[in-house]
Amino acid sequence: MLILHQGLNWVGAMQRGLERTFGTILGLMFAAVLLWLHPHGLALVGCIALLQFAGQMFAASNYTFAVFFFTPMALLMATAVGRSASDVSQLLVARGLDTMIGCGVGLAVLLATYRTHGATVRNALSETLGAAKSVLPFLARGEVTTAEARIARRRLRSNAFDLVQIYEEQAGGTERAREEADRTWPAIVAAHRLAFRILAECWEIEAEGNAGNARGPLLFGASGEHATVRALNSLQAGHAAEIPRSASSFLLPEITALNESLPS
């Protein structure tokens, strides 16, 4: 069941499951040869040490090779106290079946519970735009350190990170989910930039202390905040937005990019 936690998505989990299965089968073949040679004493210690070293060398770069070395190491340690040939054969077969059944069940559970609907990334995109919209009133007043403002900022930051993670999950899913994720990617990038542009201004105002309170209103100018909120409302609903204008052109590049990249 560990493969459920070893891949970011269905493709990653499938790859890890196959790597573990093939690595175990090849490792069992190698273990059969080593057990037939029956090393003992210093030879046994040396084999276990070399297998441990080789497995650790490949643990990060090639999971198949890592399992290939770890499997005979574990079996050598398990049979070090002495077992009959029939016991060793049963152990090899049991280890192989256990791995194949475990990987099969883990992949079946992942497939049954995996999010495959096409709206997942779109929903995350809408939630990120909604979170960005909720920060704007605090930013426009320069009041970014109140309890409510910090909650809104935290929500925006969390949604921005989740947006990319959900894209990665959906991009590794079924063909339909992958196509939907790829169509939405330009809008995801634009929304991510929008979120951290807003958060960066909040951090700047907070760093300046009381002197930064006047910075917020200057970002939007007269009625600029409302125009930006209206634009985000339209984008959140999936419609083209009227580009807001302000003296500082705050968020103009990000909203323009969203306008051009939002999938239909």
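**Helices and cores in a predicted model**

Mentor: At the start of helix 3, a side-chain oxygen of N62 comes to within 3.2 Å of the backbone nitrogen of T64. This is a predicted model, in which local features need pLDDT of at least 70 and side-chain atom pairs count only at pLDDT 80 or more, while totals for chains, interfaces and linings use all residues. Residues are numbered from 1 along each chain as its sequence is written, and side-chain values use heavy atoms, leaving out hydrogens and water.

Trainee: What makes the approach of N62 to T64 a polar contact?

Mentor: A polar contact is a pair of N or O atoms within 3.5 Å, of which, within protein, one must be able to donate a hydrogen and the other to accept it, and residues adjacent in sequence count only if both atoms are side-chain atoms; the oxygen of N62 and the nitrogen of T64 lie within 3.2 Å, so the pair meets the distance limit.

Trainee: How do you know that the span of helix 3 is close to what is expected?

Mentor: The expected span is 1.5 Å times one less than the number of residues; helix 3 (residues 63–78) has 16 residues, and its reach of 22 Å from first C-alpha to last is close to the expected 22 Å.

Trainee: Which residues touch the most other members of the largest nonpolar core?

Mentor: Of its 42 residues, these are L139, L156, L194, I198, L235 and L258. Helix 9 is one of the helices that each supply at least two residues of this core.

Conventions:
Core = buried A, V, L, I, M, F, W, Y, C linked by side-chain atoms within 4.5 Å. Buried < 20%, exposed > 50% of the residue type's maximum accessible area, 1.4 Å probe, protein only. Helix = DSSP H or I, 4+ residues; strand = E, 2+ residues; numbered from the N terminus.
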